[in-house]
Structures are given as C-alpha cells and as structure tokens.
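Good morning, and thank you for coming.

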Amino acid sequence: MTDDEVYAAYAPPAADWLRVNFVSSADGAATLEGLSGPLSGEEDKRVFKVLRARCDVLLAGSGTVAAEGYGPLVLSAERMAWRRAQGLPEVPVMAVVSRSLAGLDPEAGIFTEAPRRPIVVVPADLPETQLEPFREVADVVAAGTGAVDLPAAVAALRGRGLRQILCEGGPRVFGDLIADDLADELDLTISPLLVGAGPVRVAEGRAAAEARPLELRHVIEAGGNLILRYLRGSTDE
Ligand SMILES: NC(=O)c1ccc[n+]([C@@H]2O[C@H](COP(=O)([O-])OP(=O)(O)OC[C@H]3O[C@@H](n4cnc5c(N)ncnc54)[C@H](OP(=O)(O)O)[C@@H]3O)[C@@H](O)[C@H]2O)c1
C-alpha cells in the first residue's frame, strides 16, 4: 500500500473520534520483555505513524510513557507536510494520564523538548505540591476525584479543539476506556508470535460492565501480521 492508501484506510468516520492502537502477540500478550516494540514490525509501525499523524492529541498512560521511554512527540518532515496540507498544526499535542504524577519527570524530554505544550491529565484533587513542578512545562486537565474521570477528561480535550484522540494505551488506560465506553475504534496488530504466559493483555485494570460489540472494518496482512481495524459496533441485534 502507498502512504496515501494507508492514510485513506484510517480516515476517521466523525469529527469527534477516539481510537486506540495496540499490538498483541497471537496468544494475546501486550508485551515481550516488558515492551511492545518486539511485537511490532515495519508495517505495524507505519500504521502507528499514520495514526499519530492523523490525531489532534496523543493520549497515553504514565505506565506506557515510562516503560516505553516516550520522548518529545515529533513527526518526520513528510508527516508534518501531510498535516500542513490538511490544515493541521505540524504536530499533535501529547497528553499523559496519571493519578499521582509520581512516575513522571517534569525535566524529561517529553515535556521540555515538546514542540507543542503537552498536557497532564490528572484527578482534580491532586495536591498542588505534586502538580506545581509540571505547571511550567505542561497544561493541566483535571477531572474526577482519586482517579481521572475519563469521560470528563475526553470532553475537556474536545473543548480545547482536540477532537481526534489517539490513545496508545497502555492496558490500564484502555481498560478504563472500555469500562467507560469511550473507545470508538480499535486498531490492533496481531503479530505471528507465541509469547506464553506472563505478560499483560491489551486491556487490564477496571472491569467493564458488559462486552462492547465491534465491527471489523478491514484486515491487512503484512509479513504474517494481521493489521485489524475495528469500529464501534451496533448494540442492535
Ligand atoms: N502492546 C502494546 O501495543 C502496548 C501499548 C502500550 C503499552 N504497552 C505496555 O504496557 C505496559 C504498561 O502498562 P500499564 O497498564 O502500566 O500502562 P498505562 O495504562 O499506560 O499506565 C497505567 C498508569 O496510567 C495511569 N492511569 C490509568 N488510568 C487512570 C485513571 N483513570 N486515572 C488516573 N490515572 C490513570 C496511572 O498512572 P499513575 O501510576 O501515574 O497514577 C496508572 O498507573 C508497558 O510494559 C508497555 O510496554 C503495550
């Protein structure tokens, strides 16, 4: 597929849209040696980059940011040019979800070298002493008590004009998004590997009250990987 075809294959169906992107082994592992990278291949990475180029905001949990060593959110010159041609700012905004901010470093490049001011998404009752070091380097979106109320946080992001939301996980954030019925799309690559017992699944943490139906939009086979695009399905029989 050409890059234009991949962009077209992931056109969002609505102006307000929340998609989630994951890679999993064939037996359901979301990590190998603690990371997603060893599960991923070249074509999965291309979709990953196209999805980043298509979003207004990239949302990730603090666990993923720490484990995967997220740096500043930058895109290649070609992807920035594609965004400019769409009338979008050259790069999306990075938003990190955390209860405590304890595992995040306000002096890390994800904040200090960000081309656009990032956002921390935190509970509204987080003490100011914990927030204060982040105020210089990030905007604060506060929602919920004790934990982030994700429906309210998503509404707040949309209120800032960040309507195309890409969530790159991790599993506990995705578990919450499913429980709150916020995921409009799941982009899932199944890699041809058996990892065995141990690693987390793509969704962990809070249980959902019911299973959410999905509609399979496409399957792309690339080097033995299945690149799946699911959209929110209808609950009608
Ligand atoms: N296969 C894949 O595609 C893929 C994708 C992403 C990540 N991963 C892997 O997943 C692992 C990390 O898993 P994880 O579950 O720890 O990641 P995570 O979901 O990114 O991070 C969990 C953290 O996010 C914060 N959080 C989640 N829900 C929250 C809520 N409602 N309110 C406030 N904070 C909330 C909490 O942060 P605080 O602790 O700061 O309060 C929580 O500890 C890593 O090994 C990573 O490599 C795999």
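Predicted model: local features only at pLDDT ≥ 70, side-chain atom pairs only at ≥ 80, totals over all residues.

Let us begin at the ligand. Of the 26 residues around the ligand, those that come nearest are Thr-64, Glu-68, Ser-98, Arg-172 and Asp-176; a residue is near if one of its heavy atoms lies within 4 Å of the molecule. Residues are numbered from 1 along each chain as its sequence is written, and side-chain values use heavy atoms, with hydrogens and water left out.

A polar side-chain atom of Arg-172 lies 2.6 Å from an oxygen atom of the ligand. For Ser-62, the distance from a polar side-chain atom to a ligand oxygen is 2.7 Å. In the side chain of Thr-64, an N or O atom is 2.7 Å from an oxygen atom of the ligand. The protein covers 89% of the 920 Å² of accessible area that the ligand has on its own (Shrake-Rupley method, 1.4 Å probe).

I turn now to strand E9, residues 225-232 (strands are DSSP runs of at least two residues, helices of at least four, numbered from the N terminus). E9 pairs in the antiparallel sense with strand E7, residues 185-191, over six bridges, and with strand E8, residues 214-222, over eight bridges; pairing requires at least two DSSP bridges. Leu-186 has Tyr-230 in E9 as its bridge partner, and Glu-215 stands opposite Leu-231. The hairpin of E8 and E9 has two residues between the strands, and there Gly-223 takes a positive phi near 60°.

Finally, the charges. How many salt bridges does the structure hold? There are 20 salt bridges, each a side-chain nitrogen of Lys or Arg within 4 Å of a carboxyl oxygen of Asp or Glu. One of them joins Arg-163 and Asp-16, at 2.8 Å from N to O. Arg-163 lies in the loop between helix H7 and strand E6, and Asp-16 in the loop between helix H1 and strand E1, so this pair ties together parts 147 residues apart in sequence.

Arg-232 and Asp-181 also meet in a salt bridge, at 2.9 Å from N to O. Arg-232 is in strand E9 and Asp-181 in the loop between H8 and E7, 51 residues apart. Salt bridges with shared partners join Asp-181, Asp-184, Glu-210, Arg-212 and Arg-232 into one network.

Technical notes. Polar contact = N/O pair within 3.5 Å; in protein donor to acceptor, adjacent residues only side chain to side chain.
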